[in-house]
Every structure is written in C-alpha cells, then in structure tokens.
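The plan is to look up a few things and jot down what turns up.

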Amino acid sequence: MNITRETVVNSAVLALLVLVPVVAQLRGDPFTITLATKVAIFALAGVGLNLALGFGGLISFGHAAFFGIGGYVTGILASHAANYEPLFDGAFTVNGTQQMLLIWPIAIVVAGLFAVVIGALSLRTSGVFFIMLTLAFSQMIYYFAVSWPSYGGEDGLSFYTRNQFPELNMFDPLNYFWVCFTLLILAVGLSAMITRSRFGLALGGARQNPQRMASIGIRPFWLSLTIFVISAMMTALAGSLYADLNRFVSPAMLNWHMSGEIMVFVILGGNRRLLGPVAGAGLYILAEHLLGQFSDYWQFFLGLVLLAVVLFAPGGVIGILTRRRGDV
Amino acid sequence: MSEVILEIHNLHKAFGALQATQDVSLTLRQGEIHALIGPNGAGKSTLIKQIAGEIRPDSGSIVFAGQRVETWDAAARARAGLARSFQISSVMPDYTVLQNVVLAVQGAQGRSFGFFRPALSDRHLTDPAQAHIAHAGLEGREGVTAAALSHGERRKLEIAMALALQPRAFLLDEPMAGMGPEGARQLTPILSELRTSAPILLVEHDMDAVFALADRISVLVYGRIIATGSVAEIRANPEVRASYLGEEA
C-alpha cells in the first residue's frame with residue numbers, strides 16, 4: 001500500500017487528538033481531557049454528516065435532529081433508570097437503562113427510523129428544497145422538545161450520573177475519552193469501507209450526475225436514502241455520547257444552530273475528506289477556547305476563517321495540508 | 001426478416017398544444033442500425049426519451065424484447081438491456097474512465113448495495129470493464145478522470161458504458177455531435193462494428209455518417225414519421241427531399 005500525503009496528515013491529526021488528553025492526564029488537567037472528548041464527539045457527528053453531505057452530496061441542514069434524538073434517547077433512558085420509573089408499564093414493562101451498550105443501539109435505531117421518514121420525504125426534492133425540508137423537520141422536533149414538559153421542556157433534562165460501560169470506570173475522564181475516540185475511529189473506518197465499496201461508487205456517481213444513473217440501471221433515490229440513514233445513525237451516536245459527557249440534554253442539541261455547527265466541522269476540515277470533520281471539530285473547539293478568551297465575538301472571526309476556506313480552499317484544512325506544490 | 005427487438009406502436013406525446021410525437025411507429029431489428037433523422041425540433045430527442053423511459057408517452061405502446069415497457073422507469077429499462085448514450089456527453093466527471101465503466105458494469109449486474117468489498121479490486125467488475133474500455137478504443141486511458149478526456153474520448157467512454165450494460169439494443173443520441181469530421185471518421189467503424197453486439201437506433205445529424213452506417217432510415221418531421229426505408233429509398237423519396245434533404249439534393 002502506498003502512503004499518500006493524506007494518510008500522513010490523517011495520522012498526524014489522530015495522533016494530536018490522542019496526545020492532548022494523555023498529556024493533560026499527566027498534568028492533572030481534567031478540563032482539557034473533557035475538551036478533547038468534546039472534539040472526538042463533535043468529530044463523530046461530523047463524520048456522520050460527511051457521509052451524506054460530502055460523499056452523498058445531500059446538503060442536510062437538519063442533522064441536529066439526529067444529534068438531539070441520540071441525546072434525548074440517552075437522557076430519557078438514564079433518567080427513568082435512575083428514578084426506578086418504568087418507561088412503559090402495561091401488559092409488559094419496559095425499564096430505562098444506564099448501560100451504554102444498550103443505550104447506543106437504541107439511540108441509533110430510533111434516529112434511524114426518524115431518518116427513514118425524514119429522508120424519504122425530503123429526498124423527493126433536491127437542492128434548496130431539500131435543505132429547507134431537512135431544516136423544517138429538525139425544527140419541528142426542536143419545538144416539540146421545547147413544549148414537551150415530561151422531559152424538562154425548554155430547560156432540558158439532567159441525569160446526575162454518567163451511564164455505565166462494562167469493566168470501565170466512566171467517571172474517569174480519560175476512560176470516557178478512550179470510549180469516544182474508539183467509536184470515532186470505528187466510524188471513520190466504516191466510512192472508508194463504505195466509500196470504496198460498490199455502494200460508495202454508485203453513491204459518488206449519483207452525487208455527480210443523478211440523471212445518468214438511471215440510464216445504467218441504478219435508482220439514485222435508494223442510494224441517497226440509505227446513506228442519509230447511515231449518516232443520521234452516526235450523528236445520533238455522537239448525540240448520545242454528548243449527552244453523557246454533559247449528563248444533560250436540552251433542546252439546544254436539536255436546534256438549527258447545532259446543524260450549522262456540525263456542517264462547519266465538515267466544511268472547515270474538508271468536505272469529502274475522511275478525517276475532515278475531525279480536523280474541523282478540533283479547530284472549532286480550539287477557536288472557541290483561544291479566541292473566546294479574547295473576544296465574546298469569536299464566532300465572528302471563525303466566520304471569516306470559514307469564508308476564506310469556502311472561497312479559497314474548498315478541500316478545507318485537510319485539503320490545504322495535502323495540497324502538492326503545483327496543484328491549484 | 002430478422003427478429004424485431006424493439007417495436008413502437010402509435011406513440012403520441014404532446015406538450016400543451018405542441019404535438020412532439022404524432023402516431024409514431026417504428027421497429028428495430030436484430031443486427032441493424034436504424035437511423036432516425038429529421039430537422040431540428042422534429043422531436044427526435046423527445047422520441048428517444050420516451051423509448052428510454054425518461055418521459056411518459058400520452059398513448060401508444062413500446063415493446064422491448066417481447067415485453068410491454070411503457071410503464072417502466074428508465075432504470076428498469078436499462079437493466080432489461082436498453083442502453084442509451086446522450087446528445088451532450090453525460091459521464092461522471094470526477095471519476096476515472098475505469099470507475100465510470102465499473103459503475104456501469106455494476107449497474108448492469110444490479111448489485112449496488114455491497115458495502116464491504118472495495119469495488120475497484122473486485123475482478124467481477126474490473127475484468128468486464130477493461131474489456132469494454134478496450135472495445136470502445138480507450139485502452140491505456142483507464143486512470144484518466146473523465147473531466148480530463150478530450151471530447152471524442154468522452155464519447156467513446158459513453159459507448160464503453162453503454163456496452164457495459166450488455167445491452168439488447170442501443171439508443172444513441174447524436175454520438176458524433178461536436179466531434180468534427182476527423183472524430184466522426186474515427187467513430188464510424190466503432191459504431192458499425194457495434195451493431196454486431198446489439199442493434200442501434202441512431203439519431204445523428206452527420207449525414208455522411210448516417211448514409212455510411214444505416215441499414216434503414218426513418219425521417220421524422222414535426223413529430224411524424226414521413227418515410228422509412230433503405231438509404232437508397234430515402235435518398236430518392238421526393239417528400240423527404242422537399243422537407244429535409246431539400247437544400248442538399
């Protein structure tokens with residue numbers, strides 16, 4: 001296997017993401033470990049969106065819905081378990097749970113079901129209408145959460161203890177980082193596998209020239225719907241981890257600001273680059289904490305950077321770093 | 001008479017008051033090139049789109065390989081073996097020649113939902129793709145992205161993709177458009193040989209090519225077929241000369 005420049009840059013990005021919390025642990029600095037965990041989680045959300053946005057060419061402005069659904073599933077299951085209140089009590093009883101290994105698949109499946117419905121309806125359109133429909137669906141879910149008193153409504157829902165993982169103490173920030181980081185790596189590996197597969201080849205074709213696909217016997221709708229659902233599931237897993245990081249979920253996770261943020265991770269780091277969202281999320285968090293110290297308006301400066309990236313470096317940060325001399 | 005693979009009966013299509021296709025009937029037989037000619041706006045592309053399944057006719061029937069297909073969508077007709085090329089080159093610009101053709105092979109196999117194995121190291125895909133690339137005269141250009149191909153090469157890539165469907169009939173919409181006389185001369189023998197793979201319904205403006213290639217010609221004027229016949233018959237037909245070949249004859 002030949003080592004490309006992108007492989008080198010990707011390894012460096014991952015090495016950095018691992019190095020920061022390990023050094024922070026040695027220096028007894030749990031706050032920085034939490035920051036790195038946040039980067040890993042946001043990166044996972046971005047890796048999910050990158051599948052739809054980058055590889056599928058589906059500009060979803062509603063991925064906060066899946067991020068938030070992942071979060072709410074986690075919060076609801078955990079708070080029921082903590083209060084010993086069954087979720088459903090009738091002919092049979094369904095209890096909450098604090099086991100991450102149970103919460104994750106439930107969060108993924110619930111978000112996947114939402115994605116099937118949202119995707120099937122939104123994919124009847126394309127372009128601006130697709131963007132607006134995904135936005136509209138996610139805002140519907142947002143307003144539903146705001147006005148749903150059972151789980152905190154506008155104030156959100158706290159659950160006081162972090163959920164559990166077999167044989168690992170999840171209260172140790174570094175342990176939790178490793179869990180999030182491992183899931184991120186698995187998601188990146190899955191993305192790499194999907195994009196190289198037959199499905200990925202067809203998906204890329206549908207992105208470049210959907211009309212042409214029918215004439216070689218492939219219906220783009222099913223490709224798009226499939227990747228939209230896979231993408232939503234990954235973002236939902238990130239939402240679940242994020243809820244656990246904060247031990248709190250609120251409608252803010254569902255808001256369109258969140259959709260925009262996940263989109264920024266992808267575009268800043270490099271649309272359609274495997275590790276673009278990781279670099280993007282890292283830079284975003286870094287900017288939030290470095291620029292944030294100097295100015296409350298740090299997002300204004302980040303906006304300028306984003307503008308420059310979109311205009312001059314459509315491949316994002318990874319694109320800049322892997323650019324060879326002589327390339328345009 | 002050899003076997004009929006494609007049979008169109010009394011096809012009608014109107015866009016508002018415009019009768020784009022009026023009572024069109026035609027057949028495509030095994031082993032032939034049937035050329036469809038006519039002035040601009042005669043409805044040639046509209047007819048091709050109806051046969052390919054991109055637009056629905058208002059009435060009439062299309063029988064392909066013994067099956068009524070007028071209610072099928074384009075993807076289903078493609079998979080049944082109706083391969084089409086486009087008037088304006090339509091390939092996947094960011095993909096290499098090989099990727100484009102592998103994609104078409106995969107479409108023909110009807111297996112695009114594999115998630116695990118890398119497509120480009122699957123010999124069930126790459127072996128046939130290589131053969132079609134060679135057949136279309138693009139050997140040695142496998143690694144070039146489609147966007148970087150010359151116009152003529154892109155037309156050849158379209159033919160390789162059409163071949164990949166292992167079609168039972170080709171619909172070629174102006175394959176020589178924009179190729180210039182030299183390009184057209186290069187493509188003529190490739191098309192001529194293509195009819196041994198499957199019969200061709202050919203829409204083409206280049207009259208030299210049509211007269212060199214076609215076994216039969218149909219002339220479409222204002223959505224209506226005014227004549228069908230051999231090259232000699234069409235050249236001699238007074239109505240055709242008046243309405244279409246007029247200025248050349």
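Predicted model: local features only at pLDDT ≥ 70, side-chain atom pairs only at ≥ 80, totals over all residues.

**Entry 1: chain A against chain B**

With that rule I looked between chain A and chain B and got three salt bridges. I noted one of them: R212(A) pairs with E158(B), with 3.7 Å between the closest N and O atoms. That falls inside the 4 Å cut-off, so the pair counts.

Which elements of chain A give two or more residues to the side that touches chain B? I found α6 (173–196), α7 (198–208), α8 (210–215) and α9 (220–246) of chain A. The top giver on that side is α7(A), with nine residues.

Next I checked polar contacts and found 15 residue pairs across the interface of chain A and chain B, both residues at pLDDT 80 or more.

Then I took the whole interface: 27 residues of chain A touch 37 residues of chain B. The two chains bury about 2600 Å² between them, and carbon and sulfur atoms give 59% of that. On the chain A side, R198(A), L201(A) and R212(A) supply 32% of the buried area, more than any other three residues.

**Entry 2: two domains in chain B**

I looked up the domain assignment of chain B, which gives domain 1 (1–81 + 171–249) and domain 2 (91–166). Their centres, taken over C-alpha atoms, are 26 Å apart.

How many salt bridges does the rule find between these two domains? I got zero, but I did find five residue pairs in polar contact, both at pLDDT 80 or more. On the side of domain 1 of chain B that touches domain 2, α2 (74–79) and α6 (180–194) of chain B each give two or more residues.

The domains bury about 1000 Å² between them, 66% of it from carbon and sulfur atoms. R79(B), M179(B) and I190(B) lose the most area on the domain 1 side, together 34% of what that side buries.

**Entry 3: a sheet in chain B**

Last, I traced an open sheet of four strands in chain B, ordered β2-β1-β4-β5 with antiparallel pairing. β2 (18–29) and β5 (67–68) each have a single partner strand, so one side of each has no neighbour in the sheet. I counted eight bridges joining β1 (residues 4–15) to β2(B), and saw E7(B) opposite T27(B) of β2(B). Helix α1 (residues 44–52) lies across β1, β2 and β4 (59–64) of chain B, at about 120 degrees to β1(B).

Definitions and conventions: Residues numbered from 1 in each chain as written. Chains lettered and ligands numbered in written order. Heavy atoms only, no water. Pairing = 2+ DSSP bridges. Contact = heavy atoms within 4.5 Å. Axes fitted to C-alpha atoms, helices over the stretch in contact; angles between N-to-C directions. Domains from an automatic or database assignment. Buried area = accessible area lost by both parts, 1.4 Å probe. Salt bridge = Lys/Arg side-chain N within 4 Å of Asp/Glu carboxyl O. Polar contact = N/O pair within 3.5 Å; in protein donor to acceptor, adjacent residues only side chain to side chain.
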